[in-house]
Amino acid sequence: MDTPNNPGPPVFEATGTATDLNTQLTGLLELVAAGDQQAFAEFYALTSRRVFGMARRVLIDPDLSEDATQEVYIQVWQGAANFDRAAGTPLAWLMTIAHRRAIDRVRAVQAATDREARYGAASQDLDRDLVAEEADTNLEAEAVSRCLGTLTDTQRESVRLAYYGGLTYREVAEHLGAAVPTIKSRIRDGLLRLKTCLGVG
């Protein structure tokens with residue numbers, strides 16, 4: 001199956017509930033697995049902002065972030081058939097791919113640049129990325145889901161929007177109608193509880 005041309009730069013997505021979006025994305029992935037380029041373009045349009053946001057937080061550099069985003073969608077095109085709805089939602093599957101691609105990029109360039117220092121300085125994202133990386137590489141999806149269930153409703157929603165939704169602290173605050181310091185506190189406390197549950201040091 002040939003890889004379609006890059007659909008274009010990240011775009012803004014249609015609004016709707018997460019359940020509605022995941023249902024739509026599940027159907028689109030089934031079509032993409034069958035080689036439907038129109039479905040692939042629609043999948044890209046609905047998710048690219050989140051993927052680019054994840055890559056940008058990890059990589060900082062916009063050009064590297066665009067490259068990583070394109071690699072993510074090449075993997076989606078080639079591996080859509082590997083999506084297992086029983087293991088999680090399409091967005092969770094996609095953001096896991098995006099995070100791994102971004103981390104791979106960081107590791108590839110850190111020896112030749114000062115990106116490691118800049119990456120380490122981004123403290124508000126490092127804890128979130130550390131938990132995600134450890135969870136992705138060492139734990140099954142069921143364990144992550146179980147540990148998310150130990151959070152309070154407000155912590156869980158804040159963490160989901162920030163990590164899986166690719167939103168900034170300010171965007172999460174606006175979405176939930178809370179102050180930015182409150183959102184930061186919820187995410188920080190939620191990540192600490194996740195670390196304890198997942199056994200991340």
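Visitor: How closely do the axes of α2 and α3 come, and at what angle do they cross?

Guide: Two packed helices are described by the angle between their axes and the distance between the axes. In this structure, which is a predicted model, the axes of α2 and α3 come within 8 Å, and they cross at roughly 140°. Angles over 145 degrees would count as roughly antiparallel, and α2 and α3 are therefore oblique to each other. As to handedness, α2 passes α3 in a right-handed crossing.

Visitor: Which residues of α2 and α3 meet?

Guide: On the α2 side the residues include Q37, F40, F43, Y44 and T47, and the list runs on to L59. On the α3 side they include P62, L64, Y73, V76 and W77.

Visitor: How many aromatic pairs does the chain contain?

Guide: The count comes to five aromatic pairs. One of them is formed by F40 and W77, with 5.3 Å centre to centre and 70° between the planes. An angle over 60 degrees counts as edge-to-face, and the F40 and W77 pair is accordingly edge-to-face. F40 lies in helix α2 (residues 37–59) and W77 in helix α3 (residues 62–79), so the pair ties together parts that are 37 residues apart in sequence.

Visitor: Are F40 and W77 buried or exposed?

Guide: A residue is called buried when its relative accessible area is under 20%. F40 has 3% relative accessibility and counts as buried. W77 is buried too, with a relative accessible area of 1%.

Visitor: Which residues form the aromatic cluster?

Guide: F40, F43, Y44, Y73 and W77 form one aromatic cluster.

Visitor: Where is I60 placed, and what is its phi?

Guide: I60 is in the loop between α2 and α3. Its phi is near 70°, a positive value in a residue other than glycine. With 25% relative accessibility, I60 counts as partly exposed.

Visitor: In which helix is P62 found, and with which residues is P62 in contact?

Guide: P62 is found in helix α3. Once its neighbours within four places in sequence are left aside, P62 is in contact with F52 and R56. The C-alpha atoms of P62 and F52 are separated by 8.9 Å, and these two residues are ten residues apart along the chain. P62 has 34% relative accessibility and counts as partly exposed.

Visitor: At what angle do α2 and α4 pack, and how far apart are their axes?

Guide: The angle between α2 and α4 is about 35°, and their axes are 9 Å apart. The crossing in which α2 passes α4 is right-handed. Among the residues making the contact are F43, T47, R50 and V51 of α2, together with L91, L94, M95 and A98 of α4.

Visitor: With which residues is L91 in contact, apart from its neighbours in sequence?

Guide: L91 lies in helix α4 (residues 90–109). Leaving aside neighbours within four places in sequence, L91 is in contact with L21, N22, L25, T47 and R50. At 9% relative accessibility, L91 counts as buried.

Visitor: How do α8 and α9 cross, and which residues make the contact?

Guide: The axes of helix α8 (residues 153–163) and helix α9 (residues 169–176) come within 9 Å and cross at roughly 130°. That makes α8 oblique to α9. The crossing of α8 and α9 is right-handed. The contact is made by E157, S158, L161 and A162 of α8, with V172, H175 and L176 on the α9 side.

Visitor: How many helices and strands does the chain have, and what share of its residues is buried?

Guide: The chain has ten helices and zero strands. Along the sequence, the pattern reads α-α-α-α-α-α-α-α-α-α. Buried residues make up 44% of the 201 residues in the chain.

Visitor: What share of the contacts joins residues 24 or more positions apart, and what is the accessible surface of the chain?

Guide: Among contacts with a separation of 6 or more, residues 24 or more positions apart account for 71%. The accessible surface comes to about 10,400 Å², and carbon and sulfur atoms hold 50% of that area.

Methods. Residues numbered from 1 in each chain as written. Predicted model: local features only at pLDDT ≥ 70, side-chain atom pairs only at ≥ 80, totals over all residues. Heavy atoms only, no water. Helix = DSSP H or I, 4+ residues; strand = E, 2+ residues; numbered from the N terminus. Buried < 20%, exposed > 50% of the residue type's maximum accessible area, 1.4 Å probe, protein only. Contact = heavy atoms within 4.5 Å. Areas by Shrake-Rupley, 256 points an atom, 1.4 Å probe, with all protein chains shown as cover. Phe/Tyr/Trp six-rings, centres within 6.5 Å; stacked < 30°, edge-to-face > 60°. Axes fitted to C-alpha atoms, helices over the stretch in contact; angles between N-to-C directions. Parallel < 35°, antiparallel > 145°, perpendicular 65-115°, else oblique. Left-handed = near helix turned anticlockwise from the far one by under 90°.
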